[in-house]
Amino acid sequence: MATAVVEVELLDPPARIGGLDGYAAALVLARLGGRPVGQATLPVVEGSVDVGRVHEAIVTDSNRPLWDRWLQLRLGIPDPEPAVEKATVAVCTRDRPDDLRRCLDALYPYLEAGHELLVVDNRPSTRETERVVAMYDGVRYVREDRQGLSAAGNRAFREASHEVVAFADDDTVPDPGWLPALLRNFSDPLVLCVTGLTMPLELETEAQEWFERYSPFGRGFERVVLDGTQMNPLASWRAGAGANMAFRRSAVDRVGPFEEVLGSGTPARSGGDHEYFARILAAGYRIVYEPAALSWHRHRRTWEELRRTVYGYGVGVYASWTHELVVGREFGVLKMACGWLIRDQLPALVRSLLRRPGRVPLDLLLAELRGCVAGPWAYLASRRVLPMTGGWP
Amino acid sequence: MSASHDRRGAPSRATPAVTVVIPTRNRRASLCRTLEALARQTFPVSDFEVIVAADGCTDDTAAAVERFDAPYALRLVQLPGSGAATARNRGAAEARGRLLLFVDDDVEPSPGLIAAHVEAHGRARAGGAGVSNSARTDVVGIGPCLPVLVGRVGLFQRKLRSWWVSEYERLARPGHRFTYRDVLSGNLSIGAEHFRRLGGFDTAFHGAAEDWEFGVRLVKSDAELVYVGAAVAWHHIDLGLERSFQRTRHEGRADVLMGLRHPELRPVLPLAQGLDAHGAERLCRMGAFRAPVLGDLVVKVLGWQLRVHEALRMRRAWQGLSGLIRRYWYWRGVAEELGRSGSGPAEFVAAAADAGAPEPVSLDVDLANGLDVAEDMIDLVRPDALCLYHEGREIGELPPVPGAERLRGRHLRPLLFERFGRELIGVLAVAEVQGRVRAGRHPTPLHPEEVAR
């Protein structure tokens, strides 16, 4: 049975979260003063979730983000002012008019607030996307015929009118506070990128539930500043996900554009975002993970799509690692690949084969492993057909 | 042995509002960039003058200043190579402006820099928001010098850039409590009268830490230190690792001088840290004190090792090793200076106990009376240390910090958040939650009125 996705504001909670008939469980996102501070998956009893259970699960001694926020409100310490007033919000899309419409509905208030909205249509097979965008007055439409999400992202950098470009995936629904929360973090001149918290929009199918369990986009509820001079820049997965991120446009001058050999829509299938994060960190700049910048992502609904996605992630991770090894002479990727295999992938495979409780479905694990094996070859295939754009510091 | 020369004759006003003092040595191109940036200021050019204190220049700096076609009054003072502190003092002595603005020769001011400093002093003097209630003439403006890397960019330069940016980020935080180490002379404004009253920079410090020493006297005199975030300047950094190690050696020497001038600071100087450490740190110190010839040789070899680490992108190994080499050079500097007095670092630090510093003022604050009341009380007493309570229950203690400004009300909330967060949550939140649960009320521990209180 499906899992409902609901929210609760702890400053003013209802006694029960109702209207959940037909769901076995609910993923509850808790906010405090508007700020996401925790999540819990709880059983639905007679169509509702008892808020007392939410408290038991989220208002715990160890929930530091919650208590930090509480103390901030209690001491009357204001949030920092956004360092950047206006930004360009770019949506890179390809043949997903329904998702795009929902995304633009969520983003449209930003246009009315004076920000720029830009849709980059990547190699469309129909004119449907253009027709959708035409329904939104003031939204700019740009068609990019070079292949891949990275090429579309680079086009957005070139087209943007503002210094900060926030990227929302077409299958996301950004929260009203999303953009201001991202922009608050650009006062630090070394911050070239800010990523946000991405939560599932719906968990209606088993495939969506497994995506959220196996490969969630969220990186927790604590704000983290990643400084490339203080950490291993290759551990860029800590930064979050490309579905919800913003960059200074000057990042292109300082560390180069997105690597067009990598990413969705290329033989490498994904990894363009994480390679860019790693490059920013390797050049000694900073990335902020800001959980207040909340966005909701519609995970793939069918099992076949999920398996393809997981395979694609495996390919993308190994393709970007190959790139970092070959172009960046980053020998540390070998250690990371071994670590991932020994610490995570093999134990998960063993648990799955032994049919232990809580195991990951075997076909997902195998899809990921097959992707990993294919990754380096996919990278080489990509290099043969596409020009390299990024380089390495 | 110095010459003063006004290359533009009489300026349009008898006394300009601001005098910009730039000490320089053999950096003609960089200095010209600074002079050009000063020509693009939003502040009226007739209201400021610029004095270049050329100290021991052997390139054509003097000729370049002579030739420079400045829209503002530009004067050149030449010194025989007496050090940056002397050069700054000399520039200040020649100044006619009421406000002195020290700018380094590798610093490129943004167009709004002078205006931002002037505005900060005006605001502070008028007792504007967040500064002070009384009119003050002892305001000191510290502007950011944001790093721009030139020349070779490697792991060291990136770390240095990150360090500088973090320093200014710290100063920019609301309610920051300044210490003497926040006083940086690359982009610093101070009333001319105030500067003279304090006796200027200590010329015994040759090229390292003279601004920090000046900072100690500023903090002791309870000057109003203000971070002027809008006074942006870009610091063009062209510094290699080897040269930076030699700077660290100078810092070691300067720290000993600092400890001699201000004995109460000895326990917080870097030379007081790790005195009982074992292993590599201890080896560094012993090498620097007892076998510097061998030590220099070893760190030279280790320097080659660093290059290998960097080429192989072994960042963590590089960081550990370069940190160790830096510690060695720091101790070398300390040993050179202390060697003259014949004492070791432990004796040097221990001798601070009978320094005769004034007894620190401590204040007991009960937060249950409200944060506004607590802030007012701190502003009234200006204590060095705090004991925090809530309804008589102790939350924590903030000991006196040598070299830090006396506490102000505005320091309280950030201090509570950063230093006493856990304790406060324990005392406030848990008590409130338990109280409400026992009273059988709504299960939420987080209620709007309480938060708004």
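**Entry 1. Contact between chains A and B**

I looked up the contact between the two chains and found 29 residues of chain A in contact with 25 residues of chain B; I count two residues as in contact if their C-beta atoms, placed from the backbone, lie within 7 Å. On the side of chain A that touches chain B, the elements giving two or more residues are α1 (51-58) and α2 (64-75) of chain A. The largest share of that side, 8 residues, comes from α2(A). I then sorted the side of chain A that touches chain B by class and noted 15 nonpolar, 7 polar and 7 charged residues. For this, Ala, Val, Leu, Ile, Met, Phe, Trp, Tyr, Cys and Pro count as nonpolar, Asp, Glu, Lys and Arg as charged, and the others, Gly among them, as polar.

I note that this is a predicted model, in which local features need pLDDT of at least 70 and side-chain atom pairs count only at pLDDT 80 or more, while totals for chains, interfaces and linings use all residues. Residues are numbered from 1 along each chain as its sequence is written, and chains are lettered from A and ligands numbered from 1 in the order in which they are written. Helices (H or I, at least four residues) and strands (E, at least two) are DSSP runs, numbered from the N terminus.

**Entry 2. Domains of chain A**

I recorded the division of chain A into domain 1 (3-75), domain 2 (88-302) and domain 3 (304-385); the bounds come from an automatic or database domain assignment. The C-alpha centres of domain 1 and domain 2 of chain A lie 27 Å apart. Their contact takes 11 residues from domain 1 of chain A and 13 residues from domain 2 of chain A. On the side of domain 1 that touches domain 2, β1 (3-9), β3 (25-32), β4 (35-43) and α2 of chain A give two or more residues. The largest share of that side, 4 residues, comes from β4(A). By class, I noted 6 nonpolar, 3 polar and 2 charged residues on the side of domain 1 of chain A that touches domain 2 of chain A.

I next examined burial, where a residue is buried if 20 or more other C-beta atoms lie within 10 Å of its own, exposed if 12 or fewer, and partly exposed in between, with C-beta atoms placed from the backbone. In strand β11 (residues 191-200) of chain A, 10 of the 10 residues are buried, so the strand is largely enclosed by the rest of the structure.

I checked its pairing, for which DSSP must find at least two bridges between two strands. β11(A) runs parallel to strand β14 (residues 286-297) of chain A, with 9 bridges joining them, and C193(A) stands opposite I287(A) in β14(A). With strand β13 (residues 244-248) of chain A, β11(A) runs antiparallel and is joined by 3 bridges; V194(A) has A246(A) in β13(A) as its bridge partner.

Helix α9 (residues 272-282) of chain A is mostly covered, 11 of its 11 residues being buried; among them I listed D273(A), H274(A), E275(A) and R279(A). G284(A), which follows α9(A), has a positive phi near 85°.

**Entry 3. Strand β5 of chain B**

I found 5 of the 5 residues of strand β5 (residues 99-103) of chain B buried, so β5(B) is largely enclosed by the rest of the structure. L99(B), L101(B) and V103(B) point one way, and L100(B) and F102(B) the other way. β5(B) pairs in the parallel sense with strand β2 (residues 18-24) of chain B over 4 bridges, and it runs antiparallel to strand β9 (residues 187-191) of chain B, joined by 5 bridges. I traced F102(B) on both sides: V21(B) stands opposite F102(B), and L188(B) in β9(B) is the bridge partner of F102(B).
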